[in-house]
Amino acid sequence: MTDGKPSFGKRNKRTHVLCRRCGKHAMHHTDKICAACGFGKSKRIRKYNWQTKTGMSAPQRK
Ligand SMILES: [Zn+2]
């Protein structure tokens with residue numbers, strides 16, 4: 001099994017499209033839910049504490 005360059009040709013299913021809120025290519029084409037910011041799922045931006053090194057809600061600079 002190879003997951004290298006030859007298998008990229010099989011990627012033609014377009015599961016995610018550009019999100020109009022966060023601009024990332026993470027909006028699910030059929031679910032209409034952005035995997036990156038949660039658009040379509042919640043009004044608030046999808047955000048988790050584990051996204052930052054500190055585990056705090058707001059990213060802190062030392
Ligand atoms: Zn988004």
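Q: In the protein chain, what share of the contacts with a separation of 6 or more comes from residues 24 or more positions apart?
A: This is a predicted model. Two residues are in contact if their C-beta atoms lie within 7 Å. Among contacts in the protein chain with a separation of 6 or more, the share from residues 24 or more positions apart is 0%.

Q: Which residues form the largest nonpolar core?
A: Of the 62 residues, 8% count as buried. In soluble globular proteins, nonpolar side chains tend to be buried together. The core has 5 residues: C19, M27, C34, C37 and F39.

Q: Is A36 buried, partly exposed or exposed?
A: A36 is found in the segment after β2 (27-28). A residue needs 20 or more other C-beta atoms within 10 Å to be buried, and 12 or fewer to be exposed. A36 has 16 such atoms within 10 Å, so A36 is partly exposed.

Q: Which residues does A36 touch, not counting residues up to four places away in sequence?
A: K13 lies 23 residues from A36 along the chain, and their C-alpha atoms are separated by 19 Å. With residues up to four places away in sequence left out, A36 touches C19, C22, K24, A26 and R46.

Definitions and conventions
Residues are numbered from 1 along each chain as its sequence is written. This is a predicted model: local features need pLDDT of at least 70, side-chain atom pairs count only at pLDDT 80 or more; totals for chains, interfaces and linings use all residues. A nonpolar core is a set of buried Ala, Val, Leu, Ile, Met, Phe, Trp, Tyr and Cys residues joined through C-beta atoms within 7 Å. Helices (H or I, at least four residues) and strands (E, at least two) are DSSP runs, numbered from the N terminus.
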